[in-house]
Amino acid sequence: MIHIIDRRKNPKGKSLGNRQRFMRRAKEQIKKAVENTIRHRGITDVSKGDQITIPQKSLHEPGFHHSRTGGERQYVLPGNKDFVPGDRIARPDGGSGSGGSNASPDGDGEDEFQFALTRDEFLDLFFEELELPDLLKKTLKQTTAFRHARAGFSTDGSPSNLNLVRTMRHSMARRIGLRRPKTDHVRDLEHQLAALQALADATPSGKIPVSDEEKRHALLAEIEDAKRRMRAIPFIDPIDTRYNQFRQIPDPNTQAVMFCLMDVSGSMSEQMKELAKRFFMLLHLFLHRRYDHVDVVFIRHTSRASEVDEETFFYSRETGGTIVSTALEEMKKVLADRYPTDQWNIYAAQASDGDNYSNDGNKCVSLLTADLLPKCQYYAYIEIVDEREAEIFSSAEGKSALWKSYVPLTRSHPHFALKRVARAGDIFPVFRELFGKDRSKSGTTAGART
Amino acid sequence: MSKKNQNPALLFEGSDWDFDILKSTYDAIEDIALNELKLDVYANQVEVITSEQMLDAYSSIGMPLMYHHWSFGKRFVRDDVMYRKGYQGLAYEIVINSNPCISYIMEENGMVMQALVMAHAAFGHNHFFKNNYLFKQWTDAEGILDYLQFAKRYIAQCEDRFGFDAVERIIDAAHALMDQGVNRYSHPEKPDWQQEAQRDRDRARYEDETYNDLWRTLPQAGTDAEDADETRRRLRAEERRAKLGLPEENLLYFLEKNAPGLGNWEREIVRIVRNIGQYFYPQKQTKVMNEGCACYVHYHIMNALYDRGQITEGAMMEFIDYHSRVVFQADFDDRRYSGFNPYALGFAMMQDIHRICVDPTDEDRHWFPDMAGNNRPYDTLKDAWAHYRDESFILQYLSPKLMRDMKMFMIDDAASSPHLEVAAIHDDAGYRKVRRTLARMHDISVREPDLQVVDVDLNGNRQLIIQHTQHDGIRLEKSEAEMTLGYIGRLWGYGVTLQAVDNESGEILHEMHYQPDDSQVA
């Protein structure tokens, strides 16, 4: 006797619980590993879930085992080639290659533990404890947006919402239930009557046999009755009609637009642009975690500003002076044209090496305070400095023109932040600092530290 | 219709299979197994699963249901990576010592593999599980699945009630001691999940009924004044040890029964881990025999199928390919060498016994007068499968011919000497030595450290004393032992001392201590 059972349809992933417990257990190590990976990984594939390696130690399951060395042992090996009793063999060093007499029971010797994270697990860890500034405020405010959602059927409504399928279903049920004659049936009877009539007309005497006469009367009566019933029982009755019902559902706004502003003048080297790019990508990824839909607007500027596509933004070269306010003007224009604040969450990140046309600072500040900052959820200014100059710039005198004019803003606008980045390794820490949960604190210290 | 299909006896062609083919092939295999080999098996239940499900089962030590623990998750994520990257294939089959005997076969495998697996697991392992004395004595094939179900539910409930961390604390510690959680000499009563659940309820009820807040107000019992009399103190110590049933080799059992700080549910979890460890104990002692038996059975069944014209030559070739990969033994100096392959050694020994029964040489008649030429290979093998474990089996049945075939040699490895010395090889002078040593290598009581709880000071500082009897100067892996000691301390709740004692002189060689910090005292 045998039972063959097909278990293939059974749910897989029975180990999910175990996997989650494992992740919980190793969380600290995994987080560290994730941050490490991010530092060395190209920003474009940041979002891939990937293999990470964590130290085995914390996951070690110890037990009482014999030591692999020391003591007196005897063991048997297979595959003797030319040994005879009494032969001496030099002890293989390390011990790991030798013997096998006391191999550890599970063979669990490796120092590091490698496994793959899914994309979601990876991103969750990556953005853990990061928060979108002002997300809450915005969603509350945004209950003004509504969405129509189906909410079943009702017996009344406007004709445009009539649900034909449902209505006809009810109508048909009623017609069958009340035995409403079908049109075809009546037509059929009329044909019979006509045929009878034709027969009578065809007979030379013009006289109809008695049996046919009776038949004619019966048919007439039947037709009469059917027509009466058809009139009495309407094809569609008001009780059949069904209407689609809709309900207005408050729809928290889940779209965001992200403005990337960058100085592309000659003073920005390729490396600096690369750094800026990393920051922008990170921000984009982050926004994607929180919003269904994220638009990105790229605005580059030299002494003129223009909205461009991503490729041009990052890779095409342009020369010219540097007037930052042009970019802000452009952003203001795009905002007014396409992104009304009641429908969009607006984030902006500006990257620059800090150069600016000398009289432009005040204009930037007034643009920001008057037009841009009130509309933005968050505005981050990332100043990219040459690695070699990082030291000099950390002193108060070494501040760039733009930095100096922006600093006062941080006091009046908590959602405005500025940071300085010198190498790729800085990007993620800076990002964390900007969006970390205690952002308000770190934001002010950043301002004060300068 | 292909031309080859003239043979009506043919069970299948090609690698495609469906449930009808599985069934008819199973019937053919069963016919050979029961009527030719005369195997005695539990009813079979063959379950078809996907590779994902195989991975799942894999990581929870091969059981179809298991409580949740992060260590299984760890195995899962590792196996998952290995499998996906192609570093490691999946096991072809998993078989569970239960009644009915459940074997898993994988959807992805071709029909030849399915036939092989059914012969191997559903008859080979199954017969061994049902007949070997260790399994009969130590495991309960009827109740294991129910018990696991109970364990899983119980631990899930504990997690709900006491939180993941509290439960994990106990399971971690218990897992570390799993190997020391078996009774080696007295066999345990078989766990019955209904009884277990009932006992837990009774215990809780008893506590509720006898609860009296007054007890809380009693002053703590002071420790006994120093006993003046030396002999009286010794007598008291002996009495105490007798009461606690010391010395006790089953550390988990001792902790479960005697650890002062554990709550009832914690004891129950320790008990669950202990019972599962006990369930797997026979498998650890019979790896060579178990696999040898299964390989022998599948080899004979597949050959019989071929002889009867029920499988094609192509299928036979495919089978031989799988088979020879499974029973491959690398030489000691081969890069692939990682100890004796239990499949290879087991299969070779079974085949050798078969040969000795049917076609013995003079040497065999001299070494195995009882069975040489008795022409009853199946009976002889079945007798061996029923009454031996790896160590005794090798000691009894390893023949000089096989030692020569596998070119076994024995090494003396004394830490005091700068060299390894070849002590014996496969010749007349060496056969017995080699065989004895190989048998000892498969003796679990030699392979695993000998640890016992020897004493505990219940009136004083509650220091638990555990002795490691050290044989041949082989010490415990130090860092491992320290960590494990910490886990014992976690269960015990007080200090623990580990003494290494020489097995000949009885002197204490070194000690290791664990003291809990205050936060760890429950």
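The model is predicted, so local features are described only at pLDDT of at least 70 and side-chain atom pairs only at pLDDT 80 or more, whereas totals for chains, interfaces and linings use all residues. Residues are numbered from 1 along each chain as its sequence is written, with chains lettered from A and ligands numbered from 1 in the order in which they are written.

Chain A holds an open, mixed sheet of six strands in the order β10-β9-β8-β11-β12-β13. Strands here are DSSP runs of E of at least two residues, and helices are runs of H or I of at least four, both numbered from the N terminus; two strands pair if DSSP finds at least two bridges between them. The edges are formed by β10 (305–308) and β13 (416–421) of chain A, each pairing on one side only. Neighbouring strands are turned by 20° against each other on average, direction ignored. Within the sheet, β8 (residues 255–263) and β11 (residues 345–352) of chain A run parallel over seven bridges, and A:F259 stands opposite A:A348 in β11(A). Helix α13 (residues 401–412) of chain A packs on the sheet, touching β11, β12 (378–384) and β13 of chain A, and its direction makes about 140° with that of β13(A). Contact means C-beta atoms, placed from the backbone, within 7 Å; axes are lines fitted to C-alpha atoms, for helices over the stretch in contact, with angles from 0 to 180 degrees between N-to-C directions.

In the loop between α9 (310–315) and α10 (324–338) of chain A sits A:G320. This glycine, A:G320, counts as exposed because it has 12 C-beta neighbours inside 10 Å (buried is 20 or more, exposed 12 or fewer, partly exposed in between). A:G320 lies 7.0 Å from A:G266, C-alpha to C-alpha, although the two are 54 residues apart in sequence.

Turning to chain B, the axes of α4 (residues 111–131) and α13 (residues 287–307) of chain B come within 8 Å and cross at roughly 135°. The pair α4(B) and α13(B) is therefore oblique (under 35 degrees is roughly parallel, over 145 roughly antiparallel, 65 to 115 roughly perpendicular, the rest oblique). Helix α1 (residues 19–36) of chain B also meets α13(B), with axes within 10 Å and a crossing of roughly 115°, which makes α1(B) roughly perpendicular to α13(B).

How values were computed: Contact = placed C-beta atoms within 7 Å.
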